[in-house]
Amino acid sequence: MATDQYTHPDYYNMDDLLSEEHKLVRDAARAWVKENVSPIIEDYYERADFPVHLVKGLGEIGALGPYIPAEYGGPGLDQISYGLIMQELERCDSGLRSTSSVQSSLVMYPIWKYGNEEQKKKWLPKLASGEFLGCFGLTEPDHGSNPGGMITNFKDKGDHYLLNGAKMWISNAPLADVAVVWAKDESGRIHGLVVEKGMEGFSAPEMHGKHSLRASITGELIFVDVKVPKENLLPNKSGLGAPLGCLDSARFGIAWGALGAAMDCYDQALRYSKERTQFDVPIGAFQLTQKKLAEMITEITKAQLLTFRLGQLRNEGKATSAQISMAKRNNVEIALNIAREARQILGAMGITNEFSVMRHMANLESVVTYEGTHDIHLLITGMDVTGIPAFKRDIPQ
Amino acid sequence: MKFLVCISKAPDTTSKIEFTDGDTKFNEAGVQYIVNPYDEWYALVRALELKESLGGSVTTITVGEVGDESIIRKALAIGADNAVRVNAEANDAYFTAFQIAEYAKANGFDIVFTGKETINYNGSQVGGMVAEMLNQPFVSLASKLELNGGAATINREMTGGVEVVEVNTPFVVSSAKGMAEQRIPNMRGIMAARTKPLEVIEPAACEDLTSFATYSLPEAKSACKYVEADNIAELVNLLHTEAKVI
Ligand SMILES: Cc1cc2nc3c(=O)[nH]c(=O)nc-3n(C[C@H](O)[C@H](O)[C@H](O)COP(=O)(O)OP(=O)(O)OC[C@H]3O[C@@H](n4cnc5c(N)ncnc54)[C@H](O)[C@@H]3O)c2cc1C
């Protein structure tokens, strides 16, 4: 891939709303990405290989659990900083951002929010430094959009829990040292358990053949009579709301991240439209190209405003799940559309690995599905405004 | 060991350069500032490396107004222990050097680091002046610095070669490419920078010895002219009559 020349578009002077610290955070993340990831990402993506060596680097710069307090090994940043880091990572590759947001929001977040002091001390510092990789097991082969129907379960055996079941589509799983697994107790209530690599009866085979997120590793989690120590149950929250709380945090990061991918596509398409000449003029001189670019920057600017406001609300602890859903859905959708339009502007070059646009496009096909599909988020907004849930229905006999 | 690193701001390389006040002042409106790269990448990082291996402290000093605090925070985020800002516009090299020297005299440092130049003014003067005011040796354009007790061995880049100099602390050194490798601040450093001391002191009395008469931009690059490969006469003619180089 050619040298990474990315700069973010800022049509409405959004940077004026950021603090100096936010800008430092963003610059640091961008510089790290340009130095360590941009030169290698196409190669890893093409070989469908996970650049595992980057996990330590993510830990060193503080991109694993950015909002986790210093006493547990995190940098203790605010939510906007977390968003900006996710944006810079996904600007480069959604897989890189997935690795980081799974570790941050789906593994560290539940341990931090639902765990006891011992659990936090035991796992958070290692996860923050990147010494440990974590994964989050919610989705099952037969329960995707409907995780409440899960069948993975555990039984109280006195001095331990006995865990059985299987999870599928789990990011980071094959290499994870710890898995936060959601399973039902004997009464059917959902709890989070920390399952550690090497526990007897626990395996995490890799899933192959992805045409998307190829630089992120995905696997299954299989539990056959796994004896989980009682101290590995996260005690401070249970019920479906517990995993959904983690998803709020991760989806917030995805809203920022997907916008990063959109901005990268726009940045490349804009530059290309000024450099590439056809019929003796830069292709940016054609109204049809300008329409694409103008619509892209309009959507990006709207998404920046939405995302920044969501960041403020999240900092104040006021962002609702439905507000986060709206931003995740909107930003992934505009990113997908912008990737497709940008690819057209790039002509044939757009399908090659000289540019990141096609990779973003393919990656975003996962992002639009995971962490709540596009349509599920629409139903969340629909339920929020009407007060009527439309997720379930009875088939007429 | 106590190290003092001079940090100044420079416009981001993508900034639009314009002048105001009858071309006597640089127009700062809308300009993004960065830490002058020679100060950040080489002077500061080498000072930090020495502190990390030998112990001691790294203080940064900036002559500038309150707007400069963002670049000072970056230096703290990269790892400096504390910072000093002399609350004054850095009018010219003499004024700047005078303020730095006053602070250095009062506080005593083993090595004062500067960058080899700022990327906007390219003056390369402050380091030498500070050394003179402190009555200390000055080594310019250092590309390598090793310290053994109080004795330093310093490489200086010269046209076509390297000069190796030995000097004893205390001294002043200006840092060029090769001294160290750029460090990207990490998020923990950025958070830590919040609580590191940034002391603001008022400038010592000092007259400006120079003032800026005018600035002008370099001539815009003219478009590239192509000459057919076999038309040597035309090429010679253009070089003679238009470019006026032969
Ligand atoms: C690369 C990748 C990584 C992933 N990583 C993780 C991970 O780390 N941890 C984890 O737990 N999961 C992970 N997932 C799983 C992901 O969260 C699920 O794929 C997602 O929740 C959707 O579930 P599903 O694929 O089973 O689709 P389904 O739920 O079967 O949905 C299929 C289609 O039906 C639609 N649909 C379903 N229900 C309704 C309804 N009520 N109304 C209208 N339409 C509906 C959906 O919108 C979708 O279009 C990952 C997925 C991918 C692709």
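Buried means under 20% relative accessible area, exposed means over 50%, and partly exposed lies in between (1.4 Å probe, protein chains only). By that rule, Y82(A) and F252(A) are both buried. This is a predicted model: local features need pLDDT of at least 70, side-chain atom pairs count only at pLDDT 80 or more, and totals for chains, interfaces and linings use all residues. Residues are numbered from 1 along each chain as its sequence is written, chains are lettered from A and ligands numbered from 1 in the order in which they are written, and side-chain values use heavy atoms, without hydrogens and water.

**Interface of chain B and chain A**

- Contact means heavy atoms within 4.5 Å; 12 residues of chain B are in contact with 20 residues of chain A.
- The buried area is about 1400 Å², taken as the accessible area (1.4 Å probe) that two parts lose on being put together, summed over both.
- Carbon and sulfur atoms give 65% of that area.
- In chain B, I184(B), M187(B) and R188(B) lose the most area to chain A, together 49% of what that side buries.

**Polar links and makeup**

- One salt bridge crosses the interface, the rule being a side-chain nitrogen of Lys or Arg within 4 Å of a carboxyl oxygen of Asp or Glu.
- R194(B) and E21(A) form a salt bridge at 2.7 Å, N to O.
- Two helices of chain B, α2 (69-78) and α5 (187-195), each supply at least two residues of the side that touches chain A; helices (H or I, at least four residues) are DSSP runs, numbered from the N terminus.
- α5(B) gives the most to that side, with five residues.
- By class, the side of chain B that touches chain A has six nonpolar, two polar and four charged residues. Ala, Val, Leu, Ile, Met, Phe, Trp, Tyr, Cys and Pro count as nonpolar, Asp, Glu, Lys and Arg as charged, and the others, Gly among them, as polar.

**Aromatic pairs**

- The whole structure holds 22 aromatic pairs over all chains. Rings of Phe, Tyr and Trp (its six-membered ring) pair if their centres lie within 6.5 Å; planes under 30 degrees apart are stacked, over 60 edge-to-face, and the rest tilted.
- Y82(A) and F252(A) are stacked, at 6.3 Å centre to centre and 20° between the planes.
- That pair links distant parts of the chain, 170 residues apart: Y82(A) sits in helix α4 (residues 79-92) and F252(A) in helix α7 (residues 241-275) of chain A.
- Y109(A) and Y114(A) have ring centres 6.4 Å apart and planes at 85°, so the pair is edge-to-face.
- Y109(A) is buried at 12% relative accessible area, and Y114(A) is buried at 6%.
- Ring pairs join Y67(A), Y82(A), Y109(A), W112(A), Y114(A), F136(A), W182(A), F252(A) and W256(A) into a cluster.
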